[in-house]
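This briefing concerns a predicted model.

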Amino acid sequence: MPNVEREILDLLFLEARTHKFFSDKPVSDKLLAKIYDTAKFGPTASNSCPMRIVFVRSKEAKERLIPALNPGNVDKTRAAPATAIFAYDMEFYEMLPTLAPHLDYPSFYASLPEYPLEKIALRNATLQAAYFLVSARAYGLDCGPMSGFKNSVVDASFFADSTWRSNFLMNLGFGTGVGIPERAARPPLENACRFL
């Protein structure tokens, strides 16, 4: 078993926290691209890779996003250097001839009813978004994932002419450390896991 350095575990999990407040230090397109280019290698079913991301950075784009947010998420989203809209593509299977040429899945997925297809897309896109969060932390960004928003408003504003659907949001930047409460409890092993 490899020996994982405690410093790495602290950075990614043990000491990492959800941030609500960020410095005004900008987050570059180059850094966001690097984070994505690392996270994209995490596994998904049939290498389906249904996650799509819109990086909301300009003032104009932020103002398009604000009407969708719950009141408690407005100020922190306005102040964050970048907000990622994590989405999933309902026609992810169109890329499978390139992503998984050894499989004959595009016609299978295309024939599925909307509910099971959406479940597959959402599950795998959420998995990819978790890889993105870990990758962002590895590259030195702090993250503030949020689900307090109206998906229908985001979809109408950002995805009206596409097959993408919003999943959740994540503010990204360099956290100030302000307003972070004591770490909340997590379920202990005996309540969360079974060994059979």
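Does Phe 86 count as buried or exposed, and at what relative accessibility? Phe 86 counts as buried because its relative accessibility is 1%, below the 20% under which a residue is termed buried.

**Strand β2 and its partners**

- Phe 86 belongs to strand β2, in which 8 of the 8 residues are buried, so the strand is largely enclosed by the rest of the structure.
- Burial applies to both faces of β2: one side carries Ala 82, Ala 84, Phe 86 and Tyr 88, and the other carries Thr 83, Ile 85, Ala 87 and Asp 89.
- Strands β1 and β2 run antiparallel and are joined by 6 bridges.
- Antiparallel pairing also holds for β2 and β4, with 8 bridges between them.
- Ile 85 in β2 is the bridge partner of Val 54, and Ile 85 also stands opposite Leu 169 in β4.

**Aromatic pairs**

- The count of aromatic pairs comes to 7.
- One of these joins Phe 86 and Phe 168; the pair is stacked because the ring centres are 5.1 Å apart and the planes are at 25°, under the 30 degrees that stacking requires.
- Phe 86 is in strand β2 and Phe 168 is in strand β4 (residues 164–173), so this pair ties together parts that are 82 residues apart in sequence.
- Phe 168, like Phe 86, is buried; the relative accessible area of Phe 168 is 16%.
- Ring pairs extend to a cluster that links Phe 86 and Phe 168 with Phe 55 and Phe 132.
- Phe 92 and Tyr 93 form an edge-to-face pair, with 5.9 Å from centre to centre and 70° between the planes.
- Both members of that pair are buried: Phe 92 has a relative accessibility of 0%, and Tyr 93 has a relative accessible area of 10%.

**Helix α2**

- The buried residues of α2 include Leu 31, Leu 32, Ile 35 and Ala 39.
- These four residues cover an arc of only 100° around the axis, which means that they lie on the same side of α2.
- An α-helix has 3.6 residues a turn, so residues three or four places apart point the same way.
- The buried residues of α2 pack against β1, α7 (114–138) and β4.
- Asp 29 and Lys 30 are exposed on the other side of α2.

**Salt bridges**

- Side chains of opposite charge can pair when their charged atoms come close.
- The structure holds 7 salt bridges.
- One of them joins Asp 29 and Arg 57, whose closest N and O atoms are 2.0 Å apart.
- This pair links distant parts of the chain, 28 residues apart: Asp 29 is in helix α2 (residues 29–39), and Arg 57 is in the loop between β1 (51–56) and α3 (59–65).
- Asp 29 counts as exposed because its relative accessibility is 52%, whereas Arg 57 is partly exposed at a relative accessible area of 32%.
- A salt bridge with an N-to-O distance of 3.3 Å joins the side chains of Asp 89 and Arg 52.
- Asp 89 lies in strand β2 (residues 82–89) and Arg 52 in strand β1, so to speak distant parts of the chain, 37 residues apart.
- Asp 89 and Arg 52 are both buried.
- Glu 63 and Arg 78 also meet through their side chains in a salt bridge, at 3.0 Å from N to O.
- That pair links helix α3, which holds Glu 63, to helix α4 (residues 74–79), which holds Arg 78, across 15 residues.
- Glu 63 counts as partly exposed at 34% relative accessibility, and Arg 78 is partly exposed with a relative accessible area of 42%.
- A network of salt bridges links Glu 114, Glu 118 and Arg 165.

**Charges over rings**

- The charged end of Lys 25 sits over the ring of Phe 174, at 4.3 Å from the ring centre.
- Arg 64 places its charged end over the ring of Phe 158, at 4.2 Å from the ring centre.

Terms used. Residues numbered from 1 in each chain as written. Predicted model: local features only at pLDDT ≥ 70, side-chain atom pairs only at ≥ 80, totals over all residues. Heavy atoms only, no water. Salt bridge = Lys/Arg side-chain N within 4 Å of Asp/Glu carboxyl O. Helix = DSSP H or I, 4+ residues; strand = E, 2+ residues; numbered from the N terminus. Buried < 20%, exposed > 50% of the residue type's maximum accessible area, 1.4 Å probe, protein only. Phe/Tyr/Trp six-rings, centres within 6.5 Å; stacked < 30°, edge-to-face > 60°. Lys NZ or Arg CZ within 6 Å of the ring centre and 35° of its normal. Arc of directions from axis to C-beta. Contact = heavy atoms within 4.5 Å. Pairing = 2+ DSSP bridges.
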